[in-house]
Amino acid sequence: MKFVLKEEKGFIYIDEGQGEVLLLLHGLMGALSNWEEVIDGFKDNYRVIIPILPIYDLPILTTGVKTLSKHVHRFIKHKDLHNITLIGNSLGGHVGLIYTLAHPERIKTLVLTGSSGLYENAFGGSFPKRENYEFVKEKVEYTFYDPATATKDLVDEVFIMINDRSKVIRILAMAKSAIRHNMAKDLHKIRIPVGLIWGKNDKITPPEVAVEFNQLLPDSKLYWIDECGHAPMMEQPKAFNKLLNEFLDHVKLKV
């Protein structure tokens with residue numbers, strides 16, 4: 001990571017640039033580095049903030065998507081952020097949806113990319129071969145359209161993570177919480193503009209999930225990226241940044 005990690009009051013985060021706030025939320029096994037190209041692309045015109053979600057630090061009994069949303073709220077209050085564009089990938093999108101429903105007064109607009117909240121084809125209830133490096137490599141590659149996006153560093157990171165018993169228990173608990181917490185009946189309450197930027201080849205939250213989000217969210221706009229899987233901002237960063245910029249301009253024109 002080329003960006004400085006800041007730490008205060010128990011929060012660890014990146015804070016780059018000035019202007020309107022883009023708050024980025026990473027996925028279940030994601031990291032701040034997943035958003036590097038977005039920071040580079042927007043820090044000259046926006047204040048880009050990325051908090052670390054404390055997935056591995058929560059007590060097991062409270063490990064869930066609602067707890068993460070409460071953590072995000074504490075962070076937003078601590079930093080006194082308003083008029084936020086909240087951008088979430090995978091689990092981060094799900095947390096963003098929960099947060100937006102609970103605190104609409106803080107959020108200007110929402111962007112989801114490969115978000116859970118309706119359906120996800122995750123790894124199920126266990127990692128049956130978590131000590132098998134090739135198995136883990138295949139699982140990480142499955143996230144992307146182009147398997148080469150799953151670099152050795154990325155696979156190594158996931159391999160170490162899921163072979164840590166404390167972490168893997170929380171990963172599984174968080175995944176189950178996300179699957180249980182289906183938001184189909186609540187999405188009509190989100191009245192702000194929502195951008196959906198989706199990989200056409202996403203196998204974890206497939207294209208039909210994006211279409212359903214688009215149907216259920218009253219003010220949403222759906223964008224597709226070809227030859228792209230579950231993490232567009234990593235796999236197709238230029239296309240992702242272009243579409244994000246297009247959506248942000250679309251929102252400005254509506255105001």
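Analyst: Helices (H or I, at least four residues) and strands (E, at least two) are DSSP runs, numbered from the N terminus. This is a predicted model, where local features need pLDDT of at least 70, side-chain atom pairs count only at pLDDT 80 or more, and totals for chains, interfaces and linings use all residues. Residues are numbered from 1 along each chain as its sequence is written, and side-chain values use heavy atoms, with hydrogens and water left out.

User: OK. Which strand does Glu16 lie in?
Analyst: Strand β2, which covers residues 11-16.

User: Is Glu16 buried or exposed, and what is the nearest side chain of opposite charge?
Analyst: Glu16 is buried, meaning under 20% relative accessible area with a 1.4 Å probe, protein chains only (exposed is over 50%, partly exposed in between). A salt bridge here takes a side-chain nitrogen of Lys or Arg within 4 Å of a carboxyl oxygen of Asp or Glu. For charge, Lys and Arg are positive, Asp and Glu negative, and His and the chain ends are not counted.

User: What is Glu16 in contact with, leaving aside neighbours within four places in sequence?
Analyst: Phe3, Val4, Ile39, Lys43, Tyr46, Arg47 and Val48. Contact means heavy atoms within 4.5 Å.

User: Switching to Leu5: where is it, and what does it touch?
Analyst: Leu5 sits in the segment before β1 (6-8). Not counting residues up to four places away in sequence, Leu5 touches Ile12, Tyr13, Ile14 and Leu32. Leu5 and Pro51 are 46 residues apart in sequence, with 9.4 Å between their C-alpha atoms.

User: And Met29, where does that one lie?
Analyst: In the loop between β3 (21-25) and α1 (36-42). Met29 counts as partly exposed because its relative accessibility is 23%.

User: Zooming out, how many helices and strands does the chain have?
Analyst: The chain has 9 helices and 8 strands.

User: Last one: what share of the residues is buried?
Analyst: Buried residues make up 53% of the 255 in the chain. As for contacts with a separation of 6 or more, 75% join residues 24 or more positions apart.
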